[in-house]
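I opened a new notebook page for this one.

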Amino acid sequence: MDLSCTDEEEEYRARLREWLAATLPGLPGRPDPLDWPARRAYDCGWQRRLYDAGYADTHWDASPTQRLIFLEETELAGAPYVGANFVGLLHAGPTIAAEGTAAQRARWLPPILRGDEVWCQGFSEPDAGSDLASLRTRAVRDGDAYVVTGQKIWTSHAEVADWCELLVRTDPEATSKHRGITWLALPMDAPGITVRPLRTLAGSTEFAEVFLDEVRVPVENRVGEENDGWRVTMVTLSFERGTAFVGEVVACRRLLGELARTARKNGTWDDPVLRRRLGRLSAEFQALWRIVQANVSEAQATGGVPGAGGSVFKLHYSHARQELYDAAAAVLGPDALDLGRDWTLDRLSSLSYTIAAGTSQIQRNIVAERILGLPKGR
Amino acid sequence: MDFRLTEDQRALRRGVRELLARLFGREALRAAVDAPSLDRELWRELGAAGFFALRLPEAEGGVGLGLPEAVLVFEEAGRVLLPGPLVATHVAAGSVPGAADGSVVVTAASEGLVPWLDEADVVLGDVTGAVRVRSVDPLTPLHRLPGPVGAVGAESLGPAGAPSVVPTRPAPAGRLPTTDAVLLTAAEQVGSAAATTDAAVSYARQRSQFGQVIGGFQAVKHLCAGMLVRTELARAAVRAAAVTGDPVEIAGAKLLADEAAVGNARDCLQVHGGMGFTWEADVHLHLKRAWVRAELRLPAARAEEEVAAAL
């Protein structure tokens, strides 16, 4: 049980902190959240700066502890979030790094790291949400290409993406629905693709529906074997649950501090019920941070991908984060109804946390079956 | 950074688990429930095994280990519902003669309560006017101190200092290394939370209804998953607090550990259905002890205030 960093890690932290202090003041102003091309340009510009400074590969090349330090320090310094590069850096990139051929790694990874190419995710379908493995988007082999027809939904950043990590059904006759799925890199400028933005309850278009009509995808764009895409995907999903939320826990601790300051100013701090509620949340986010450190220690020791421990983390994190915004609403009172306040928009966005990346109900199934060993069944 | 247990720590935990299985297995637990008393022989055996002297320097006859190791040991004690004023005696090992080797039993007044007052050799804190109550926990005799509910007892959090030691008679209020006592109590809660999770899962895997084991039903599965999440959250908090020794982190850890122990015992009872409501099942012993531990050192309201004050 050692929570201290090595000298080398502390040096890394100090260097990073110094670079952030020198770099962040020179960044342009944040773009309009509704202007996707501007958001893409901003996020890619930030990624390019990271690349030039030697921090771009942190998400999959650095040691887990270094990654933790990177996410902690960038969040503490108020650096931009990965934004449009989320899928590239945290889903598709790690999957290609783990499962791709040398040629595929050389083709796709450097542009992700430089912020030149943006990826989106084509996993869910209208009839394949929690039951992702029942997806039906069809890919039929035709010479050196797959011909893909079907529909994807909840595809983040689809409007501005260059590539889509796409799950397709290559063998509809397979004995189990988990077999017969293949992972493809789909170029978003291919003929036959229609993107229709979806408006979220927060009013913005964070994701889209993607319609695929006989889109040709070269066979060389397949990562992993044909019909082995489910296993390849699980690598991606474990990454998502294991490390993708690290920065956000740090953010939550910062937000809670801000909230306490606001409460002290506007007098709500005198209400012991509210004060205790904030105290409890603080204890929970502190414990979540310790779980992150435990998961990272485990990942570092086994050299592997974060496992089912990520589900334990996500279950409580998503709940606690929603509770944070509800507590914020109690502090803000009437101001919580004003969309001009960041807190209000963030509260609306937080409603997705118990649904996205595996609903809480699915996470509980995973915990019960994979960790506790309870039988599969509904 | 490596937050995992070291090889030595894993061996320690294994050793303590084996020791407690031998000294205080389920039969001993049920026998103790039927005839509650402080088992002096068990106490001396715990002393001989280093349970109380764990954190004393080797030069003073101790084991020379730290708070992280003590937390692991108390998790195991909580898991098997080991009775007695374990935390008070452990914390007093460096200051009360005889506590370290298990020949002297030490208890302490805390939060208006004194556990094991009649059975202990030494009591720390002012116990003037203490009145015996019928304790909800069959394995924790309790005395109630006069004064308003919520009055801060001798073990309130504060700077560590020398305890007042007055053998079996009233003493002026003194101060203890109370943050350690709070954390070790939290560790017992974590052990209990883990034990009730195991018990619920094991029952859900063998109890059959509607032609299948009930653990296959999502309604039951999700209760069990929630129990594991509570346990893991509390465990990470308690172990990290043992490493940092930070009083605010300790207060937060106690809060989450209380919630895990009480909440998990409740859910374990629910998974057991009617059996969970019987005296014969052990679930109620975990719930009642969890209630006592939650109240005894830094109850939720004050823990929440302590953490909030640091925001």
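**Entry 1: chain A as a whole**

I counted 11 helices and eight strands in chain A. Helices (H or I, at least four residues) and strands (E, at least two) are DSSP runs, numbered from the N terminus.

Before going on, I noted that this is a predicted model, where local features need pLDDT of at least 70, side-chain atom pairs count only at pLDDT 80 or more, and totals for chains, interfaces and linings use all residues. Residues are numbered from 1 along each chain as its sequence is written, while chains are lettered from A and ligands numbered from 1 in the order in which they are written.

Next I looked up the radius of gyration, which is taken over C-alpha atoms, and the globule rule, 2.2 Å times the number of residues to the power 0.38. Chain A has a radius of gyration of 21 Å, close to the 21 Å from the globule rule for 378 residues, so it is as compact as a globular protein of that length. Its C-alpha trace spans about 70 × 45 × 45 Å along the principal axes.

I also found that 43% of the 378 residues in chain A are buried. Buried means 20 or more other C-beta atoms within 10 Å of the residue's own, with C-beta atoms placed from the backbone.

**Entry 2: where the chains meet**

**Entry 3: a sheet in chain B**

I traced an open sheet of three strands in chain B, in the order β2-β5-β4, with antiparallel pairing. Two strands pair if DSSP finds at least two bridges between them. At the edges stand β2 (113-115) and β4 (131-133) of chain B, each with a single partner strand, so one side of each has no neighbour in the sheet.

Three bridges join β2(B) to β5 (residues 142-144) of chain B. One partner pair I looked up is B:V114 with B:H143 in β5(B).

**Entry 4: B:F24**

Is B:F24 buried or exposed? B:F24 is buried, with 21 other C-beta atoms within 10 Å. I found B:F24 in the loop between α1 (7-23) and α2 (26-34) of chain B. Not counting residues up to four places away in sequence, B:F24 touches B:L29, B:L42, B:V80 and B:L82. B:V80 is 56 residues from B:F24 in sequence, and their C-alpha atoms are 7.3 Å apart.

Terms used. Buried ≥ 20, exposed ≤ 12 C-beta atoms within 10 Å, placed from the backbone. Contact = placed C-beta atoms within 7 Å.
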